[in-house]
Amino acid sequence: MEFQNNIPIYLQVIKDIKSRILSGEIHPGDKLPSSREMAVRYGVNPNTASRIYNEMERQGITFTKRGIGTFVTESDEDLAELRKTEVRKLTEKYVSDLTKLGLKGCEIRSEIKQYFLENECGEK
């Protein structure tokens with residue numbers, strides 16, 4: 001993984017893990033690598049790996065079983081909230097970017113509708 005200089009590394013790793021959970025690559029209840037393994041996998045300091053796990057647990061994404069490891073939450077409610085939050089962030093960025101290009105709300109809706117007509121419905 002290539003890290004961006006302007007965003008803290010631990011946040012970038014958390015984003016990657018969230019993405020892998022939401023895409024189904026990592027499943028609810030899956031055991032995650034130990035902090036040491038996480039540090040090696042992402043090429044980060046072991047303290048950063050610990051911070052990643054602490055933050056994800058604080059957010060309700062993971063839970064720890066003492067002496068066993070860290071696991072992805074099995075809570076449908078927590079996973080639904082994670083998905084909702086991530087979708088909201090992406091939507092806000094998308095709308096903000098299009099607004100900066102001078103588009104108004106109705107134009108953005110029209111572009112989205114046209115996109116789906118062309119790409120999902122097979123119409124052009």
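Me: Is Glu-74 buried or exposed?

Reply: Glu-74 counts as exposed, at 54% relative accessibility. The classes are buried for under 20% relative accessible area, exposed for over 50% and partly exposed in between, with a 1.4 Å probe and protein chains only. This is a predicted model, where local features need pLDDT of at least 70, side-chain atom pairs count only at pLDDT 80 or more, and totals for chains, interfaces and linings use all residues. Residues are numbered from 1 along each chain as its sequence is written, and side-chain values use heavy atoms, with hydrogens and water left out.

Me: Where does Glu-74 lie?

Reply: In the loop between β2 (69–72) and α4. Helices (H or I, at least four residues) and strands (E, at least two) are DSSP runs, numbered from the N terminus.

Me: And what is Glu-74 in contact with, leaving aside neighbours within four places in sequence?

Reply: Pro-28, Gly-29 and Phe-63. Contact here means heavy atoms within 4.5 Å.

Me: Gly-29, then. Which residues does Gly-29 touch, not counting those up to four places away in sequence?

Reply: Phe-71, Val-72, Thr-73 and Glu-74. Gly-29 itself is in the loop between α1 and α2 and is partly exposed, with a relative accessible area of 22%. Its C-alpha atom is separated by 8.9 Å from that of Ser-75, 46 residues apart along the chain.

Me: Aromatics next. How many aromatic pairs are there?

Reply: Two. Rings of Phe, Tyr and Trp (its six-membered ring) pair if their centres lie within 6.5 Å; planes under 30 degrees apart count as stacked, over 60 as edge-to-face and the rest as tilted. Phe-63 and Phe-71 are stacked, because their ring centres are 5.7 Å apart and their planes are at 20°. Phe-71 counts as buried, at 11% relative accessibility, whereas Phe-63 is partly exposed at 28%.

Me: Why is the pair of Tyr-115 and Phe-116 edge-to-face?

Reply: Because the planes of the Tyr-115 and Phe-116 rings are at 85°, with the centres 5.4 Å apart. Tyr-115 counts as partly exposed, at 48% relative accessibility, and Phe-116 is partly exposed with a relative accessible area of 39%.

Me: On to the inside. Which residues touch the most other members of the largest nonpolar core?

Reply: Ile-17, Ile-21, Met-38, Ile-52 and Met-56, out of 20 residues in that core. The elements giving two or more residues to the core are α1, α2 (35–42), α3 (46–58) and α4, and α1 gives the most, with six residues. A nonpolar core is a set of buried Ala, Val, Leu, Ile, Met, Phe, Trp, Tyr and Cys residues joined through side-chain atoms within 4.5 Å.

Me: What does Ile-21 touch, apart from residues up to four places away in sequence?

Reply: Ile-21 touches Ile-26, Ile-61, Val-72, Leu-79 and Leu-82.

Me: Which lining residues are nearest the centre of the largest pocket?

Reply: Leu-11, Lys-15, Lys-18, Glu-86 and Lys-89, from a lining of 19 residues. The elements that give two or more residues to that lining are α1 (9–22) and α4 (76–100). The largest share, eight residues, comes from α1.

Me: Is Glu-86 buried or exposed?

Reply: Glu-86 is buried, with a relative accessible area of 15%. Glu-86 lies in helix α4 and, leaving aside its neighbours within four places in sequence, is in contact with Lys-18 and Leu-22.

Me: And Lys-89?

Reply: Lys-89 is also found in helix α4 and counts as partly exposed, at 44% relative accessibility.

Conventions. On a 1 Å grid over the protein atoms alone, a cavity is a set of points where a 1.4 Å probe fits but cannot get out, and a pocket is an open set with protein on both sides within 12 Å along at least five of seven lines; lining residues have an atom within 4 Å of a point.
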